[in-house]
Structures are given as C-alpha cells and as structure tokens.
Amino acid sequence: MAEAAKAEAGVTAEAGAGPQDERGRSEGRGPGTPGGPASGATIVLENLTKRYPGNPRPAVESVSMEIKAGETVILVGPSGCGKSTTLKMINRLIEPSSGRIRIGDEDVTAIDPVKLRRKVGYAIQSSGLFPHMTVAENIALVPKMVGWGRTRVRDRVEEMLDLVGLDPREFHGRYPRQLSGGQQQRVGVARALAADPPVLLMDEPFGAVDPITRDHLQDELIRLQRDLHKTIVFVTHDFDEAIKLGDRIAVLRERSHIAQFDTPEAILTNPADEFVSGFVGAGAALKRLNLTRVRDVEIADFAAVTVDEPLQSIVELLRAGQHNELLLLDHRRRPYKWLRRGDLLRARGSLARSGTLVTHTVTRDATLRDALEAVLTDSGGRVAVTGRRGEFIGVVDMETLMNSVHEMLEADRLTALEHRHELDQVRTGREQDASPVAGDPGGDGEPPS
Amino acid sequence: MGFWQFLSTRHQQLLVDAYQHASAVFQCMVIATVIGVLIAVLTYRTEWAGNLAVTTTAAILTVPSLALIGLLIPILGLGVPPTVTALVLYGLLPIVRNAIVGLRGVDASLVEAARGIGMSRTARLLRVELPLAWPPILTGIRVSTQMLMGIAAIAAYASGPGLGNEIFTGIASLGSANALNEVLAGTLGIIVLALAFDAGYVLIGRLTIPRGIRG
Ligand SMILES: Nc1ncnc2c1ncn2[C@@H]1O[C@H](COP(=O)(O)OP(=O)(O)OP(=O)(O)O)[C@@H](O)[C@H]1O
Ligand SMILES: [Mg+2]
C-alpha cells in the first residue's frame, strides 16, 4: 500500500518533468478537498544565504529552489554541507543572512517567525518530545497554541495517534521515556502534523532508529503522505532513504550548492557529474531494485490447490507428472505450504504433516529488493505473490528477477548514452545561467517515454 | 530544673518562637525563590551575566551573618526588616546557582524543538525550560532553606523573631539555672523545624516534578 504511493508518485514525476507541469500532479490528486486536511503549499527559496559570524565563507550560499505543492523533496549530501541550515532557514529557526522565502502566496521572510512556525510542521532526529509532558500533551501543543477548542484538540490528538499507527488508548497518557525510539519518532511526526500545517520540515527524523524500524517509519511516511499531500522537505544523508521517499532529490555539495535536483530515477540513471555519481555510489543495481515493484515484472503461474480439494486429486495431480511441486492454499486461498512430489508419501498421506510452510510472501506493491530477499531465503528459490487479502496470485522466481535486473541495467546504460549529449548541453546552459538550478532540470535527463 | 520540666513550663513561649521562626524562614524563602529564579532567568543565556550572578550571590554568603545583620541595623533599624533582608540575601546563592545550571542544562535540541513548533519566548520558558529545570531548582531551594534555618537564629541579635531569642537569652545568662536549657531548646527546635521542612520538600517534589522526568 505504502509502496503504491511511491510508485504512483514516481510515475507522475517522470511524466510531468517540466516546471510547467508542476500543478498537474497535485490537482490530479485533488488537494484542498473541502473539510479535508490542508494539503501542501509551494515553497520557493530565492538566493538564500547564511553567514555565521566569524566565518568569511557562508555555510549556505545562494540556494534557490522551488518545491511544488504536495511534493516530497529530499535534501541529501555529505555531513556539514548545509542541509540542516538550509532546512532551518525555511521556518527561520536560522535567520537567513540574505534571500527570500515564500510559502504559498506569502513572502514569509519578514513575518513573525513564531506565527510562521505554527504553520510549518517540524520534526527532528531526537524526536524533540518534551519529556515532562505526556504523549497527548506533546501532540496537543500546537493545536492549543493556535487556539483550537478543548474537544477539538482532544479529538485531534486521538486522530493523530491513530494516523501514525499508535493505539490512542494505550499511548495517550504515556511519557516519552516510556516509548521505544520508533514510537517516539511517530509521536514526533504526529506532533508536527497536529495543527494540519501545509508544510512539513523533517531533519533526519529517522536517523537515530535501527534499520528495521527506520524502514517501517519510511513506509508509514509514504502512506501518510499519500493521504495528506503535504509539502515535505526532508533532510537525510542516507541516499537509499532519499530514493525511497523522494519525489525529487536535491543532492547538495558544500555550502548547499545544488549538484543535481531531479527525480530519483533520473539521478540514478543520469548523475549530473562525478560528485553526484560518487554520492550515489556503488550498488546502483541494488538501489534500482528498490525502485521497481513486483507488479512491474512478470508474475508466473504456479500450480496451486486449496486444502479443500480432496486428497486423492492432489495425489493424482502430483503423480500425473506435469508438476514436481504444488502450492497448497488455505481455505481463503492464501499460500500455505509448498508440496513436493515425495512429500505426501513420506508423511504417509497426511496433508497436515507434509510439505514446507510458506514463510515469505510479497504483495504486488513490494519492491524487487523485498522479493529478492524472500527468494534468497526460500529453499525453492521462488516467492509467492499475494493480492490485497493475501490471496495467491502467482510466483516470482530467481530467474525472473535476474532477467529483470539485466533488462533494467541495460536500459539504464542506453538511457545514459542517449542523454550524455543532452546532459552536456544542460550543463553548458547552466554555466551560462548566473542563477543556480531553480525549478526542475530533470525533464532534460528523462528517457522519452 | 530538668530539660523536660523546662519544656513543659515554657512550651507556650517555645511554640510561639518556633512558629515565628518557621514563618520567617518560609516567607523569606518565598521571596528568595522568586528573586533567585528571576535573576537566573534574566542571566542564564549570557555567559558573563550568569557567572556574575553566581559570583555576587556567593560573595554575599561569605559575609558572616552577624556582621551582615550588624551592618543592616543602621540602615533598616531593628526587628523584621533587617532579618528579612539578610535571610533573603543569604538564601539566594543556592537558588540562583541551581536555577542557572538547571536552565543551561536543558537539552538544546528540546529548546530548538520548542522554537521549531512555534512556541514564543515566554511559552518556551514557562512550559519547557522551567519545568525541566525544576528538579535542580527545588534542590537549591531545599539547601537554601536548611541554611536559613540556622542563620535565622542570628536574627534575634537584631531583635528579630524566632528561636534565636531562646539561644541568645541563654547565652546572655550563662551560669544561671535555665541558660543551658534555653540554648538546648532553641537549637533542638531549629533542628526539628529543619527536618519538618525537609519532609515538606520531599512531598512538594512528589507533587510538582512531572512523572515523566522523575528519577
Ligand atoms: N551555529 C553555527 N555557527 C557557526 N557555524 C555553524 C553553525 N551551525 C552550523 N555551522 C556550520 O555550517 C555548516 C553547515 O552545517 P549544517 O548543520 O547545515 O550541516 P548539515 O549538512 O546538516 O550536516 P549534518 O549532515 O552533519 O547534519 C557546517 O560547516 C557547520 O560547521
Ligand atoms: Mg544536519
């Protein structure tokens, strides 16, 4: 489900790669549904610069970028390159030395920063929850500050806990120290979203949790974002996280200079220069697996019978010789056991005792990386693909995966070749243009689809 | 006269003195807390100002109490005013120091989070920084109170109220029948009061330190 959002986003971003298309996606999704949550607002940064006293070189130098309404933009780059500084200038936790910030139709460079921040959600690495307040009190802070009534605040707290996947009854009255790291992060996100701000800024929010929890939280964020369409600016130094979450990624180099600002696909297949390709790094094939879904590859049929079938016909099927192996489904057609030819005999005809249990299944929205993981751990070298209610659809095996990866890499190589020329043009164009990359040069790097 | 007999004949006077002693210390503590926390709030952000506040209040504490009261009498006269002034001044150091340390010790990322979600300067102070710094501040108040219990006895020198009167009368009439009993009664009374106050602070701690940060 979560992956579907990303896939959809990826597709739209690819299709609408020019600035002129920027409204297409959010309009298509119908933002600002009356009564619904406030959806994203455009953020425009114009020549933002930050100089810290005592340092002649600015920490952030003349950053310009336009972030479309409802878009998730990831700022990624090496440590100390100015990601956090750039992010914090958006809600003016750090006052820019020069430049302008516009959110929606409003120039917020000079408005009261306290008012600005109440309209901009902010979530940070250490969760930033106040340890002396309960989970509910933490979440209620901003809604109370903006003057919501008692009952509305209370309902909202429950709603937000629900939204981030925490049972309100259980977590309402807990203190932050009584939560796991992942739960704290969830509450942090709930607090940031509580007053329904159009913009959400996140500074390495999942940087301090273990990889598995991080994965969950990322999926969760994708799911949330699919419903909410906030404009999210997300800082990380983990490029895999960037690929997974971003509609577009801004790869930053020192002093926040934008090395490339484009869709994940375009950055992976067409890194703008050495710096970006260095940062994208090795393992591009594996990263590519993260970008492709099971639904995008061929799902093969596989002989399957349900346990409701009479034992005799199952035996017949195996004996007939067409199939060496069957997939046994349970009453609701969910994968249950792999059944090899000799299995039934060895178990003296007892279905309950024969075959190996199916431990891994994937949905069509799973990434190929998940599928590969499952295939590698399964003894039969294949994984069952299931539908919405867990019902069996087909299988993906090692061969399919290998062929798909080969095809993708081949396609990537072709794309890269095809566009080297165009890229050179873009680069020369960029050098002539005094203002650094604003908007979206990605269109130039896209494969013709 | 035995000590118990002394107590039973003089208990009326002793209770009045004890009450006045406790009341003087309590009231001075309230004033010292308000002023001390205020000084801390005004100075903790700047390195030099905070240090100046701590050094100044520390310097006050090095002045012998008898000398300070002696110096205050020509200015403020006898009785309550010099007593209160001296006690408040002495009580400041632990409160100011602990409050500054406590406020400076609040996790910077929490203060930034508070700014980030749009809390005003005042809201940050009242809802985040002071509550989080409250445990050390309360410790400061507790230490301060213990100190004032003893120092308040000196106030009798300036005709102030309290158990000090018993002690001073006793010392002045050393050798007479009840002298020792008076000194003993005054001293023990102060100790009992100090213990009672301390128990009170434990209770206050339980009631006011939020469960989420209680050790
Ligand atoms: N308060 C400050 N005073 C002076 N220099 C600062 C200050 N804050 C940050 N810098 C400098 O600005 C540069 C950018 O810092 P920033 O925190 O934005 O980096 P970052 O990209 O977020 O790094 P990281 O990935 O390590 O969090 C760094 O070189 C840092 O030393
Ligand atoms: Mg940072």
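Strand β8(A) sends A:Thr231, A:Val233 and A:Val235 one way and A:Ile232, A:Phe234 and A:Thr236 the other, and all are buried (under 20% relative accessible area, 1.4 Å probe, protein chains only). In a regular strand the side chains alternate between the two faces of the sheet. Six of the six residues of β8 (residues 231-236) are buried, so the strand is largely enclosed by the rest of the structure. This is a predicted model: local features need pLDDT of at least 70, side-chain atom pairs count only at pLDDT 80 or more, and totals for chains, interfaces and linings use all residues. Residues are numbered from 1 along each chain as its sequence is written, chains are lettered from A and ligands numbered from 1 in the order written, and side-chain values use heavy atoms, without hydrogens and water.

**Strand neighbours**
- β3 (residues 72-76) of chain A pairs with β8(A) in the parallel sense over five bridges (pairing takes at least two DSSP bridges; strands are DSSP E runs of at least two residues, helices H or I runs of at least four).
- A:Leu75 stands opposite A:Val235.
- β7 (residues 199-203) of chain A also pairs with β8(A), parallel, over five bridges.
- A:Val199 has A:Thr231 as its bridge partner.

**Ligand 1**
- An oxygen atom of ligand 1 is 2.8 Å from a polar backbone atom of A:Gly80.
- Polar side-chain atoms of A:Ser84 and A:Thr85 lie 2.6 Å and 2.4 Å from an oxygen atom of ligand 1.
- Taken alone, ligand 1 exposes 640 Å², and the protein buries 56% of that (Shrake-Rupley method, 1.4 Å probe).
- The residues surrounding ligand 1 include A:Tyr52, A:Lys83, A:Glu204 and A:His237 (a heavy atom within 4 Å).

Technical notes:
Buried means under 20% relative accessible area, exposed over 50%, partly exposed in between (1.4 Å probe, protein chains only). A polar contact is a pair of N or O atoms within 3.5 Å; within protein, one must be able to donate a hydrogen and the other to accept it, and residues adjacent in sequence count only if both atoms are side-chain atoms.
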